[in-house]
Amino acid sequence: MLDQLVSSRVLTISRSPDIDHFRSIESLADARSIPLARKDFQACFATVALRSCTIYLQRTFPRILEARYHSTGAIVAFGMDDALSLIINGADIRSASLLLAKGDAVCDVVEPWANLVAFAKFEAIDGRDWPGEAGHVQQITTRPAELAALRSVTRDILLLASNSPDLLQQPQVVDQVEESLLQAVDVALQGPSQLGDAGRVDLSQYLQLVRKLDEFLQSSAAKVIYSADLAREFGVSVRTLNNAVVAIRGLSMHRYTRLRRLWNVRQQLVQGPSAAQMKAVALANGFWHMGEFRSLYRDLFGETPHQTLEAARRQ
């Protein structure tokens, strides 16, 4: 994927022609690499700095790595393909898993082969209720579909930074992009069953919480609301709010709020705005990836946004 990216105002790409010129991601970790082989060296990494998180994509090389990771919030790392080959602190890392580090965490890593690894460094994760303790790197097993979704969001952000850097200079779009990434991580870090604690919690509490959520979303239909703000509004963690929505609505909070936003878009499109305004309507409702937006809209309504707009104009 790195070969598809080009540097821009918001995307930095660094390529090392050989081992002697390799520089690690200094802002991510204090690291020392011992190469296991010199042949076919192709190390490269790309960096996108958002408002409160930074995304790194690194193509590594066979090596022994000693690293101390630093974060005021958390660092999430995962392979961008299923060929991941890592041993961290003596444990084999499976491809369908994430690595989660909080605070200062020391790692001894062996990479027998080159890997394509993504890192997301979050400055703060207050209220998200992510697992793990500060000072440790934890392997979190996830489901393939959830990991694929996280990879897809990460890939889309990097491509957006490469191909449409102007969008990532708009504060509202940056916030929406970060929310997409946070929600993908939230879902990937969930346990095997999101309904697991529903049996231990009075469902009436979840019902009241979801009704409050619906009222809040209805009164704020003209605004994009972020999951951390919603959780803070109701005095719960993002994880608890998500579990409540899953238990009562049968959808994750991400899918549920996205469904409502799609309906908001449709209600605006049937008013017949101009084609030039359609993208603005999508962005105003939190859809920054136009290709994904068109696909989601078509899957839900059986027609494209343009078709909805044309039908509204004919009426």
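In the predicted model, helix H6 (253-269) makes the greatest contribution to the lining of the largest pocket, supplying nine residues. This pocket has a volume of about 880 Å³ and is lined by 43 residues. Gln183, His254, Thr257, Arg258 and Arg261 are the lining residues that lie nearest the centre of the largest pocket. Besides H6, the elements that give two or more residues to this lining are H1, H2, helix H3 (203-219) and helix H8 (290-301). By class, the lining of the largest pocket comprises 18 nonpolar, 16 polar and nine charged residues.

Two of these contributing elements, H1 and H2, also pack against each other. The axes of helix H1 (residues 144-163) and helix H2 (residues 171-189) come within 8 Å, with a crossing angle of roughly 160°. Because angles over 145 degrees count as roughly antiparallel, H1 and H2 are therefore roughly antiparallel to each other. The crossing of the two helices, H1 and H2, is left-handed. On the H1 side, the contact involves Glu146, Leu150, Val153, Thr154, Ile157 and Leu160; these residues meet Val177, Ser180, Leu181, Ala184, Val185, Val187 and Ala188 in H2. The residues of the contact between H1 and H2 comprise 10 nonpolar, two polar and one charged.

H2 also contributes to the second largest pocket, where H2 gives the most to the lining, with four residues. Helix H4 (227-234), like H2, supplies at least two residues of this lining. The volume of the second largest pocket is about 310 Å³. Of the 14 residues that line the second largest pocket, Arg51, Ser52, Arg128, Leu182 and Ala228 lie nearest its centre. The lining of the second largest pocket is divided by class into eight charged, five nonpolar and one polar residue.

The structure holds three cavities of 30 Å³ or more, and the largest cavity contains about 340 Å³ of space. The lining of the largest cavity consists of 29 residues, with Leu65, Tyr69, Ala77, Val117 and Phe119 lying nearest the centre. At least two residues of this lining are supplied by each of strand E2 (29-35), strand E5 (63-69), strand E6 (74-79), strand E7 (86-88), strand E9 (97-102), strand E10 (105-111) and strand E11 (116-122). The residues lining the largest cavity divide into 22 nonpolar, five polar and two charged.

The second largest cavity has a volume of about 70 Å³. Its lining is formed by Gln183, Asp186, Val187, Gln190, Val238, Asn242, Met253 and His254. Helix H5 (238-249), H2 and H6 each supply at least two residues of the lining of this second cavity, and the largest share, three residues, comes from H2. Four polar, three nonpolar and one charged residue make up the lining of the second largest cavity.

Gln183 and His254 line the second largest cavity and are among the residues nearest the centre of the largest pocket. Val187, a further lining residue of the second largest cavity, is also one of the H2 residues that meet H1. At the level of elements, H2 takes part in the contact with H1, gives two or more residues to the lining of the largest pocket, and gives the most to the lining of the second largest pocket.

Methods:
Residues are numbered from 1 along each chain as its sequence is written. This is a predicted model: local features need pLDDT of at least 70, side-chain atom pairs count only at pLDDT 80 or more; totals for chains, interfaces and linings use all residues. Side-chain values use heavy atoms; hydrogens and water are left out. Axes are lines fitted to C-alpha atoms, for helices over the stretch in contact, and angles run from 0 to 180 degrees between N-to-C directions. Angles under 35 degrees count as roughly parallel, over 145 as roughly antiparallel, 65 to 115 as roughly perpendicular and the rest as oblique. A crossing is left-handed if the near helix is turned anticlockwise from the far one by less than a right angle, and right-handed if clockwise. Contact means heavy atoms within 4.5 Å. Ala, Val, Leu, Ile, Met, Phe, Trp, Tyr, Cys and Pro count as nonpolar, Asp, Glu, Lys and Arg as charged, and the others, Gly among them, as polar. On a 1 Å grid over the protein atoms alone, a cavity is a set of points where a 1.4 Å probe fits but cannot get out, and a pocket is an open set with protein on both sides within 12 Å along at least five of seven lines; lining residues have an atom within 4 Å of a point. Grid points are joined across faces, edges and corners, and a volume is the space filled by probe spheres set on the points.
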